[in-house]
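User: Hi! I'm new to this one and would like a quick tour. Could you bring it up so we can go through it together?
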Amino acid sequence: MPTASLIAAVIAFVVSLIGTRVAMVLAERWRFRDVPGREAHKQHAAPVPYGGGLAMAFALALSITVAWWLDPHTVTSELLMIYAGAVVLLGVGHYDDRRPMRAWQKLVIQGGVAAVVVPYGDLQIDSLHAYPVLSYGLAWAWMVLITNAFNLLDHADGLSGSVTVVSAAVLLSGSLMAFDFPLAQLWLVLIATVLGFLAWNLPPARIYMGDAGSMMLGFLIAAGTLTVVFWPSGSGSGSQLAVLSPLVITAVPLFDTAVVIVRRLRSHRPILQGDRNHISHRLNRLGLSPRTALAVVVALQTALAVSVLQLRSGDWLTGAIVLVQDVAIVIAVILLETIRDPGHQR
């Protein structure tokens, strides 16, 4: 890794750590807080300040600026477009934290941002590059889906941030394996930034990232799964099953989103209406404490996400075995939740 990237990561962690603490103080002074009962999926009993997303964004922007100043080659035009999209969603999320928007309004804006960033940021499905309309169209849908999946995952202390760190760590590994140092710098700095925030967000959380943070992080991870190449086209190495890497890296947010939607449909409730059927809620009903539930989700995310590194260098048989193991893990979780969760019928 270039020295500029390492310096940027240190700056990101320190600024995020201190900046989040400052955000806590300012949010309390300005009464910018998440009040209990405001949203159905929240579980906190006392008001918790917002502002973590803004603190992370500041730390990320400052560290990347320093890295660019030290080595301009570490910031490309494509990355700048991705950063710009993340900033727009940060602003939308911040507005939503202050004055709640309707779910469909946020969805429309996310779709608009993705429609600009996907072509100008050169985000596409690599294996479908011969079919531009399909490649960019699916990439657009993926960006919107994952942005929302991480937004929905932000329903428990430390959850969205911890899953982001694991996902970014895998993307960092993939970037280094491909010798793509500008991308590697992004993931290294992002990991450092979120770790600084998590120091104040782990259960019991003293500050929340809000929609400002969760949409920004989801957007960056979504872009990362499309830009980090786990199966270089025409290289002749690795399993072709590596094309499924984006699905595996984001398996936990996608799994949680799918279960929530299925349960809402089965109980004839609106899909966009919040509830307490997310993964941490289900684990809590099984008797797990907030910290233990978080540890379980992080372990699940790690077990699934790191398996894509085997897909990159393995053959077809290795890839098939890895995917079978991943599916088996998810099925085991589904069976445990279905049998033991007293709320699975609701």
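Analyst: Happy to! Keep in mind that this is a predicted model.

User: Okay, is Gln-124 buried or exposed?
Analyst: Gln-124 has a relative accessible area of 18%, and the cut-off for buried is under 20%, so Gln-124 counts as buried.

User: What does the side chain of Gln-124 make polar contacts with?
Analyst: One partner is the side chain of Asp-122, at 3.5 Å. The side chain of Ser-135 is another, at 3.1 Å.

User: And which residues does Gln-124 touch, leaving out those up to four places away in sequence?
Analyst: Gln-124 touches His-129, Ser-135, Tyr-136, Ala-139 and Leu-226 on that count.

User: You mentioned Asp-122. Where does Asp-122 sit relative to H4?
Analyst: Asp-122 follows H4, and its phi is positive, near 55 degrees.

User: Let's look at H4 itself, then. How far apart are its end C-alpha atoms?
Analyst: They are 26 Å apart. That agrees with expectation, because 18 residues at 1.5 Å a residue should span 26 Å.

User: Which residues of H4 are buried?
Analyst: Lys-106, Gln-110, Gly-111, Val-113, Ala-114, Val-117 and Val-118.

User: What covers them?
Analyst: The cover includes helix H3 (77-98), H5 and helix H8 (210-227).

User: Switching to H5: how does it cross helix H10?
Analyst: The axes of H5 and H10 (residues 251-266) come within 9 Å and cross at roughly 80 degrees. That angle makes H5 roughly perpendicular to H10.

User: Which residues make that contact?
Analyst: From H5 there are Trp-142, Leu-145, Ile-146, Ala-149, Phe-150, Leu-152 and Leu-153. H10 brings Pro-253, Leu-254, Asp-256 and Thr-257. Sorted by type, the residues of this contact are nine nonpolar, one polar and one charged.

User: Nice. Last topic: what can you tell me about Leu-220?
Analyst: Leu-220 lies in helix H8. Its relative accessibility is 1%, so Leu-220 counts as buried.

User: Which residues does Leu-220 touch, again skipping those up to four places away in sequence?
Analyst: Leu-220 touches Leu-60, Ile-82, Ala-86, Trp-187 and Leu-190.

User: And how far is Leu-220 from Ser-289?
Analyst: Their C-alpha atoms are separated by 30 Å, and the two residues are 69 residues apart along the chain.

Notes. Residues numbered from 1 in each chain as written. Predicted model: local features only at pLDDT ≥ 70, side-chain atom pairs only at ≥ 80, totals over all residues. Heavy atoms only, no water. Buried < 20%, exposed > 50% of the residue type's maximum accessible area, 1.4 Å probe, protein only. Polar contact = N/O pair within 3.5 Å; in protein donor to acceptor, adjacent residues only side chain to side chain. Contact = heavy atoms within 4.5 Å. Axes fitted to C-alpha atoms, helices over the stretch in contact; angles between N-to-C directions. Helix = DSSP H or I, 4+ residues; strand = E, 2+ residues; numbered from the N terminus. Parallel < 35°, antiparallel > 145°, perpendicular 65-115°, else oblique. Nonpolar A, V, L, I, M, F, W, Y, C, P; charged D, E, K, R; others polar. Expected span 1.5 Å × (residues − 1).
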